Structure formats: C-alpha cells, structure tokens
Amino acid sequence: MHDQDILYRDLKPENLLLDRDGHVVLTDFGLCKEFISAGDTTQTFCGTPEYLAPEVLQKRPYSKAIDWWCYGSVLYEMLYGLPPFYSRNCQDMYTAIINAPLMFKNNATKEAKHLLIALLQKNPKKRLGSSSDDFEEIKQHVFFQSIDWDDLLAKRIEPPFNPMVRDETDLSCIDKSFKDE
C-alpha cells in the first residue's frame, strides 16, 4: 500500500483475515489516507487505541511510519497475547505508549526482540521502515532472513494453517458477533 502512496492507519488483528487457502489478507480500508508520498505527513487523529503510535497521540504530524508502529504492535500481540502497552484504562495506556519502555517476557528470540524494538521506536524518524526504503528496510531485518519474498508474494509458500471452508463465501469461521454487526 505504501508503494501506492496509501497510508493504512488501522492495522490490527481484527483487520487481518485468512483467505480460503490460509494466506493473510488485509481488510477494512475505511481509515486509509491516499496520496501520502514518502516524506508527506497528515494529522488526523484516528485509529484503534491499543495500536496508536506516539506521534498520533501527541497530535503531531505523522507519516507512513505509523503503519510500522501498528505492525510492531500486532507482532508483539501475536507473541505475547496483548498489545505492547495495553491497559483497560485508555489514559494509562496512552501515557504508556508515549512514555513507558517496551517490556519483554522470556519467550521471544533475540531477533524478534530486536525487530520489535526497531518497529516500536517512539521516535518515528528512528523507527524501522521510516526511511525512503520503507518496506525494503523491514524485509532486510534478520528476523525475516529465511523468507523468500518473491515466493511469499506469489503465494508459492504453503501457509501453516489452512481454514476449513467450503468456498470463498463460507463465513463459518467468522464469529457470530461480527456477522450480526
């Protein structure tokens, strides 16, 4: 999306689905901002509280680097079960996002910790992916060294989980509460 000058702004687990073959697909483009080139900024306060980047909370102009913060938050949640600065109290959570150090439990590899530290940099100019190289910078991180990106994008890599669905319209794996909405 960044290559198409689109800022996503709402990356979170609820917006990541699996297609019928188990490949990840991105959904819900309602908060996207178009025509954001490298170096451009915007300032709209939007997103999901647990995944907001510090610069958004501080109401400062922000760039595509906020998507990499959200990506780091999602990866952290996948590893530990909750976003990195989660609190039931939004004000406490916002304060932690802006000020608290990133904390780790023991069950992460050194490469995973290094990646999370790089993505969850509070200073967006120092955040992994914030350079003009954008995603290329992230792809080069040691955490991803075993990934053949061409094969991944061409869907030639077998996903580790394949949902049991009849066809593209089968909603049996979607929680009833989402279907009721």
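Me: Hello! Where is Lys-64 found?

Reply: Hello! In this predicted model, Lys-64 sits in the loop between helix 1 and helix 2.

Me: With which residues is Lys-64 in contact, leaving aside its neighbours within four places in sequence?

Reply: The list is His-2, Asp-5, Leu-7, Ile-36, Ser-37, Ala-38 and Asp-134. Each of these counts because contact means heavy atoms within 4.5 Å.

Me: Let's stay in that part of the chain. Where does Lys-59 lie, and why is Lys-59 called buried or exposed?

Reply: Lys-59 lies in the loop between helix 1 and helix 2. Its relative accessible area is 60%, and exposed means over 50%, so Lys-59 counts as exposed.

Me: Where does Phe-35 lie, and what is its phi?

Reply: Phe-35 belongs to the loop between strand 4 (33–34) and helix 1. Its phi is positive, about 65 degrees, although Phe-35 is not a glycine.

Me: How do you know whether Phe-35 counts as buried or exposed?

Reply: Its relative accessibility is 69%. The cut-off for exposed is over 50%, so Phe-35 counts as exposed.

Me: On to the strands. Where is Val-24 found, and why is Val-24 called buried or exposed?

Reply: Val-24 is found in strand 3 (residues 24–26). With a relative accessible area of 58% against a cut-off of over 50%, Val-24 is therefore exposed. Leaving aside neighbours within four places in sequence, Val-24 is in contact with Leu-16, Leu-17 and Leu-18. Val-24 and Glu-55 are 31 residues apart in sequence, and their C-alpha atoms are 28 Å apart in space.

Me: What makes up the secondary structure of the protein chain, and in which pattern?

Reply: There are seven helices and four strands. Along the sequence, the pattern reads β-β-β-β-α-α-α-α-α-α-α.

Me: How do you know whether the radius of gyration agrees with that of a compact globule?

Reply: For 181 residues, a compact globule would have a radius near 16 Å. The protein chain has 17 Å, so the value agrees. The C-alpha atoms fill a box of roughly 45 × 40 × 40 Å along the principal axes, and buried residues make up 36% of the chain.

Me: What makes a set of residues a nonpolar core, and which members of the largest one touch the most others?

Reply: Its members are buried nonpolar residues joined through side-chain atoms within 4.5 Å. The largest core has 31 residues, and Ile-97 and Leu-119 touch the most other members. Helix 1 (54–57), helix 2 (65–80), helix 3 (90–99) and helix 4 (110–119) each give two or more residues to this core. Helix 2 gives the most, with six residues. Another core of five residues lies apart from it, including Tyr-8, Leu-11, Tyr-51 and Val-74.

Me: How many positive and negative side chains does the protein chain have?

Reply: There are 21 positive and 29 negative side chains, and the centres of the two sets lie 7 Å apart.

Terms used:
Residues are numbered from 1 along each chain as its sequence is written. This is a predicted model: local features need pLDDT of at least 70, side-chain atom pairs count only at pLDDT 80 or more; totals for chains, interfaces and linings use all residues. Side-chain values use heavy atoms; hydrogens and water are left out. Buried means under 20% relative accessible area, exposed over 50%, partly exposed in between (1.4 Å probe, protein chains only). The radius of gyration is taken over C-alpha atoms; the globule rule is 2.2 Å times the number of residues to the power 0.38. Lys and Arg count as positive and Asp and Glu as negative; His and the chain ends are not counted. The place of a charge is taken as NZ of Lys, CZ of Arg, CG of Asp or CD of Glu.
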